[in-house]
Amino acid sequence: MRMELTDNGCLKILLSEEDLEGLGLTFERLDYDDPATRDAMKLLLAAAQRETGFDPSGGLIVEALPVDKGCLLLFTPASGKRKVRMKRAVGPYIYELDDADQLLSMARSIGRRAAPITGSSLYRFGGGYRLILYPSDPLPRGMGNLLLEFARAAGEGDAAAAYTAEHGQPIAVGDALSRLCSAAAPQASRGITGGLAI
């Protein structure tokens, strides 16, 4: 098991297949409604608090990604009630964008034409950004084409998502696209353009 506290206060925990077995879990069985998963999360957070100083007392968004038969858990502090996202869906799809202006332009366009995808995470990656989408169904063709107007496809599948999560800096985990669409909507209505403070 490896734990790392990132510069922006997020916690990454990499669990091997053996670590998951020791906790009585598999990636496929991770479900926060299951008492075994809740108990395992409490143990992991207590260990992380001792080892890294991570404070689990506030709200958290948790994302679980499969990696090398194990699991990468990302804990992001959030305001409000504790939320847990352990999504195993179609895809995931990874898109790369060069700058915040592209992110806002994409969000404005998606917000006008389609409902945002529920599961999405945004990472600073290299000199730009990577957006991971976890749709509940395959992306509609129109949505895929719309995304490609602003972004480049940078991969698909659990391994590509885990690579992005492990090597990128999380900015918004779990609901990035809806947050981007909300942030872009008022600017679009006022005719303001510019960068996103991320």
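Me: What counts as a helix or a strand here, and how many of each does the protein chain have?
Reply: Helices are DSSP runs of H or I with at least four residues, and strands are runs of E with at least two. By that rule the protein chain of this predicted model has six helices and nine strands.

Me: Why is T164 called buried?
Reply: Buried means under 20% relative accessible area. T164 has a relative accessible area of 0%, so the residue is buried. T164 lies in helix α5, residues 158-167.

Me: What does T164 touch, leaving out residues up to four places away in sequence?
Reply: The partners of T164 are I94, Y123, F125, R130 and I132. A contact requires heavy atoms within 4.5 Å.

Me: How many of the residues of the protein chain count as buried?
Reply: The share is 46% of the 198 residues. The protein chain exposes about 9,800 Å², and 48% of that area comes from carbon and sulfur atoms.

Me: What makes β5 and β8 a pair?
Reply: Pairing needs at least two bridges found by DSSP. Strand β5, residues 93-97, is joined to β8 by four bridges, so the two strands pair; they run antiparallel. Y93 stands opposite E156 in β8.

Me: Which strands belong to the open sheet, and in what order?
Reply: Five strands form the open sheet, and the order is β8-β5-β7-β6-β9, with antiparallel pairing.

Me: Why are β8 and β9 said to stand at the edges?
Reply: β8 (152-156) and β9 (169-172) each have a single partner strand, so one side of each lacks a neighbour in the sheet. On average, neighbouring strands of this sheet are turned by 30 degrees against each other, direction ignored.

Me: What makes a set of residues a nonpolar core, and which members of the largest one touch the most other members?
Reply: The members must be buried Ala, Val, Leu, Ile, Met, Phe, Trp, Tyr or Cys residues, joined through side-chain atoms within 4.5 Å. The largest such core has 24 residues, of which M106, I110 and L131 touch the most other members. β5, α3 (100-113), β7 (128-134), α4 (141-150) and α6 (176-190) each supply at least two residues of this core. Its largest share, six residues, comes from α3.

Me: Which residues is M106 in contact with, leaving aside neighbours within four places in sequence?
Reply: M106 is in contact with L97, L131, L147, F150 and L177. A second, separate core has 21 residues, including L30, A40, C71 and F75.

Me: Among contacts between residues at least 6 apart in sequence, what share joins residues at least 24 apart?
Reply: In the protein chain that share is 71%.

Terms used: Residues are numbered from 1 along each chain as its sequence is written. This is a predicted model: local features need pLDDT of at least 70, side-chain atom pairs count only at pLDDT 80 or more; totals for chains, interfaces and linings use all residues. Side-chain values use heavy atoms; hydrogens and water are left out. Axes are lines fitted to C-alpha atoms, for helices over the stretch in contact, and angles run from 0 to 180 degrees between N-to-C directions. Buried means under 20% relative accessible area, exposed over 50%, partly exposed in between (1.4 Å probe, protein chains only). Accessible areas come from the Shrake-Rupley method with a 1.4 Å probe; for residues, only the protein chains shown count as cover.
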